[in-house]
Amino acid sequence: GGDTDAEPTSSSGTAVVEERKDDQKPSEPAGEMTLEEYLNSCISVTQEELNRNPDTYIGKNILLEGDFSIVADSIIIGLWDGQGGVEVKYDGKSAYNANGEQVGNVISGDYGYAAGIYRGEDQFGTPYMDGVIIILGE
């Protein structure tokens, strides 16, 4: 019976791997959405509004505008607006310019937009979002 042994491994092995890949990325915008459509679906919100009513926005796609700072390898938007800033968890992905071209890492002093899912405060009390895309202004 050499044939029966080979069967279960090949069929089960591949199926499991493919399923995992899909639910690995719940924060990515839906596949058929263009970038523009995704950005239009985000709630444009100010830092002050987030600070006043954070619970309103938890789990929602939001769009923040402001200056970026890098603090201990974390990307923070709006730190110098007197509001404390929101951390953008972005996992080393490239930022984009207004034309949708990749421009590389966000650096301190960049100005632009961060879009993603607002998560509220982390265990240190820092408000943060899971960044889907960062767009830098000119």
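Helices here are DSSP runs of H or I with at least four residues, strands are runs of E with at least two, and both are numbered from the N terminus. Along the sequence the order is α-α-β-α-α-β-β-β-β-β-β-β. This is a predicted model, in which local features need pLDDT of at least 70, side-chain atom pairs count only at pLDDT 80 or more, and totals for chains, interfaces and linings use all residues. Residues are numbered from 1 along each chain as its sequence is written, and side-chain values use heavy atoms, with hydrogens and water left out.

**Colour by confidence**

Colour the chain by pLDDT, the predictor's confidence in each residue, from 0 to 100. The chain average is 82, and 76% of the residues score at least 70. Select helix H1, residues 2-23: its mean pLDDT of 46 is the lowest among the elements, while strand S1, residues 43-44, has the highest at 97. Next select residues 6-26, where pLDDT stays under 50 and the model has one contact beyond four places in sequence. Contact means heavy atoms within 4.5 Å. Where pLDDT is low, the predicted coordinates should not be read in detail.

**Switch to the surface**

The accessible surface of the chain is about 8900 Å², with 48% of it belonging to carbon and sulfur atoms. Such areas come from the Shrake-Rupley method with a 1.4 Å probe, and for residues only the protein chains shown count as cover. Of the 138 residues, 32% count as buried. Buried means under 20% relative accessible area, exposed means over 50%, and partly exposed lies in between (1.4 Å probe, protein chains only). Among contacts between residues at least 6 apart in sequence, 55% join residues at least 24 apart.

**Select the core**

In soluble globular proteins, nonpolar side chains tend to be buried together.

Centre on Val-88. Beyond its neighbours within four places in sequence, Val-88 contacts Ile-75, Ile-77, Ala-114, Met-129, Gly-131 and Ile-134.

Move to Ile-133, in strand S8. Ile-133 counts as buried because its relative accessible area is 5%. With residues up to four places away left out, Ile-133 touches Leu-35, Leu-39, Tyr-90, Tyr-96, Tyr-113, Ala-114 and Ala-115. Draw a distance from Ile-133 to Ala-115: they are 18 residues apart along the chain, and their C-alpha atoms are separated by 5.4 Å.

**Select the loops**

Between S2 and S3, pick Ala-72 and Asp-73. Ala-72 has a positive phi near 50 degrees, and Asp-73 has a positive phi of about 70 degrees. Most residues other than glycine have a negative phi.

Gly-85 lies in the loop between S3 and S4, and at 2% relative accessibility Gly-85 counts as buried. Outside four places in sequence, the contacts of Gly-85 are Gln-47, Ile-76, Ile-77, Gly-78, Leu-79 and Pro-127.

Ile-107 is in the loop between S6 (102-104) and S7. Ile-107 touches Phe-68 and Ile-70, not counting residues up to four places away.

The largest pocket holds about 210 Å³ of space. Of its 13 lining residues, Asp-73, Ile-75, Tyr-90, Asp-91 and Gly-92 are the closest to its centre. S4 gives the most to the lining, with three residues. On a 1 Å grid over the protein atoms alone, a pocket is an open set of points where a 1.4 Å probe fits, with protein on both sides within 12 Å along at least five of seven lines; lining residues have an atom within 4 Å of a point. The volume is the space filled by probe spheres set on the points, which are joined across faces, edges and corners.
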